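Please open the structure in a viewer with selection by chain and residue number.

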Amino acid sequence: MVPLSWYLIFAAALFSIGLFGVLSRRNAVAILLGIELMLNSVNINLAAFWRYGEDVTQMTGQVFAIIVFAVAAAEVAVGLALVISVYRRRNTVVADEINMMKW
Amino acid sequence: MSFWTDPLKVTSDWLLGIFTGWGMPEIVAQILIGFLGIFLLVALLMVLDIFLVWIERKVVARFQDRIGPNRLGPWGLIQPFADIIKLIIKEDTTPGGADRVVYNIAPMLSMMSVLILWAVIPLAPQIIGVEDLNIGALYIIAAGAIGTLSIIMAGWSSNNKFALIGAFRQVAVMVSFEIPMLTMLLIPTIFAGSMGFNAIIQAQYPLPFFLFAPLAAVIFLIAAIAELGRAPFDMAEGESELVAGFNTEYSGMKFGMFYAGELLHAFTFGGFMGILFFGGYGLFGLEKIPALAWLNSPFIHIFVLLAKAMFGYWIIMWIKYTLMRIRIDHMLAFNWKFLTPLSFVLLMVTALMNALLKGSALWVYTLGMFLSNVVLGWIALEVARVYSRRERAKVEGLKSVAEAAQH
Amino acid sequence: MTGEQIIFLLVALFTLGSGLMVVISRNLIHAALWLVSALFGVAVTYALLSAAFLAVVQVVVYIGAIAILFIFAVMLTRKDMRDQGPQMNANWWFGAILSVAVFAGLFFLLQGWSGLAGTASAIPAGFDAIGELGDALTSPNGYVLPFEVASVLLVAALVGAVYVSFNRK
């Protein structure tokens, strides 16, 4: 029997790795890769809480996870469309160099 | 429960007895038996694959009014073995500048995505890889996703512009045509009330589903042929346009894996056509007649399923060797502007008719469903006809202007 | 160490290793492919949690669509086939410290929760998870409103993505 704590710690570790990716990478697409890892860790949490809750017949956890799937797909689509559009204008996707609105 | 009624369980119990008799803990023995089962299935599939190569070459030859391989062995039966030997003894090259790991993994992933499909195909009610996975229909799409990934890996890692363009086109087609295919997979789900393949086959006992939803069968066939990357949708590997598409830099056994994987994939989708719309391993209800109860043997079921898969494969080959290749933008326009809206409307109409006619007699249900499909197909063809007439008038108009300008 | 625990540890190590390679990999295509293996590890985790539908949908949606979208985006946003310049920005050490701090914070937060060592209750026999999920997603007493809103969100994202990246010739 796998205790619940293992799943939660696994999800926390995956979240931190994704956070590291978001904070440290230069390329905008690589930042979005980190965001994907974070969303997946949240989904693992939701699925684990569904399974280890008092009432397994309550499908709330799985429903929430499916909505997160939909939101993640929508966010990736729009995010990558924006990145491609920025690349067409500025010819770069390095996050540091997209700084036209800085003072 | 003898060997002839339930071969898989009897064999696995016997092997379990032997292994635990040798002192193995039971869980290790069960894992080992699982691996042996997988190995047996994959070995049989690979042998079948070799004969699919022979069938493909003979059939294409007959369609093109020639004989095909007939030198090696009776009717050229040894020809595929010679081909395999040739591919194996070829030099295993990796193009310079190619991404080694990705380049070498891509054909393995491509073959893997086809083999894992056979885990959910019920060869008989008792012979199935994973015991009645209740999301079988969705599993097909998941395996297709891995195949899509392998193609883009192959195209990118070859460090070759033709391969990259071919891979882009093929992946665009595969991702686009997944939508009508997924929607058409929902229609047998509506009829059977479950996504598991065993349940879908059992629900086809009085009448197979192609009588309820012929249009769904046709759309599924079209989407499946596009997924497979076979003509008329084989823009990606159009030999006269793109060298060989994503296959360009592959030779030897790696190419053999792509090629054999494609043929096995086509055969597998013939099998899915059989399972979803033509009754699977059931012999159209004949085995429920008490007099013919001997037809209930799992070996007869396997034979029936493989025969239906072969029939589906023959239809796919027939379409391949008859129709011309479609241009990539026409392919995508066909999917997004015609096939996807049609499949969504068909799903809604089927669900509506199913809810309305659920309690009525069988012939009322069948007639209602069949007529709704026919009406919908006729409307779709009318819309397509009006659209194509308009397009043709536009092209004719341009052509006459060009001719007038020439004089 | 039961078999299930061993399998979970292997899958978790595989997923975390792939995740680490995603954020460290210099070659962006390799990073996207490591993301595919991380997503596959997460799908196996869902299967371990008996959420079979989530596992299959994870492969279909994430690996079959989102990962391929990432690979296309990486290929379309570069001047040539090679990656140029450093791939970590100047403050990557601070990002590392921060992510370790977040993990430590979450870990200690979880230790303070009483229900942490809970074990999974057995799933009742004949429990039709897919049927229950379908009921939950479409029944008015269930979650039909978030379901419909999610579909509107997807349409909005579809229209938005096409509009933003439309190439007016």
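The stops below concern chain B and its contact with chain C.

This is a predicted model, in which local features need pLDDT of at least 70 and side-chain atom pairs count only at pLDDT 80 or more, whereas totals for chains, interfaces and linings use all residues. Residues are numbered from 1 along each chain as its sequence is written, with chains lettered from A and ligands numbered from 1 in the order in which they are written.

**Domains.** Select residues 1-89 of chain B, domain 1, and then 93-330, domain 2; these bounds come from an automatic or database domain assignment. Their C-alpha centres lie 19 Å apart. Contact (C-beta atoms, placed from the backbone, within 7 Å) joins 19 residues of domain 1 to 16 residues of domain 2. On the domain 1 side, H2(B) gives the most, with 10 residues.

**Helix H2.** Now select residues 26-63 of chain B, a helix of 38 residues. Helices are DSSP runs (H or I, at least four residues), numbered from the N terminus. Among its buried residues are B:Asp49, B:Trp54 and B:Glu56; buried means that 20 or more other C-beta atoms, likewise placed from the backbone, lie within 10 Å of the residue's own. The buried residues of H2(B) pack against H1, H3, H9 and H10 of chain B. After the helix, select B:Asp65, whose phi is positive, near 60°.

**Contact with chain C.** Finally, display the contact, which takes 17 residues from chain B and 17 residues from chain C. On the chain B side, select H5 (136-157) and H6 (161-192); H5(B) provides the largest share, 10 residues.

Methods
Two residues are in contact if their C-beta atoms, placed from the backbone, lie within 7 Å. Helices (H or I, at least four residues) and strands (E, at least two) are DSSP runs, numbered from the N terminus. The expected span of a helix is 1.5 Å times one less than its number of residues. A residue is buried if 20 or more other C-beta atoms lie within 10 Å of its own, exposed if 12 or fewer, and partly exposed in between; C-beta atoms are placed from the backbone.
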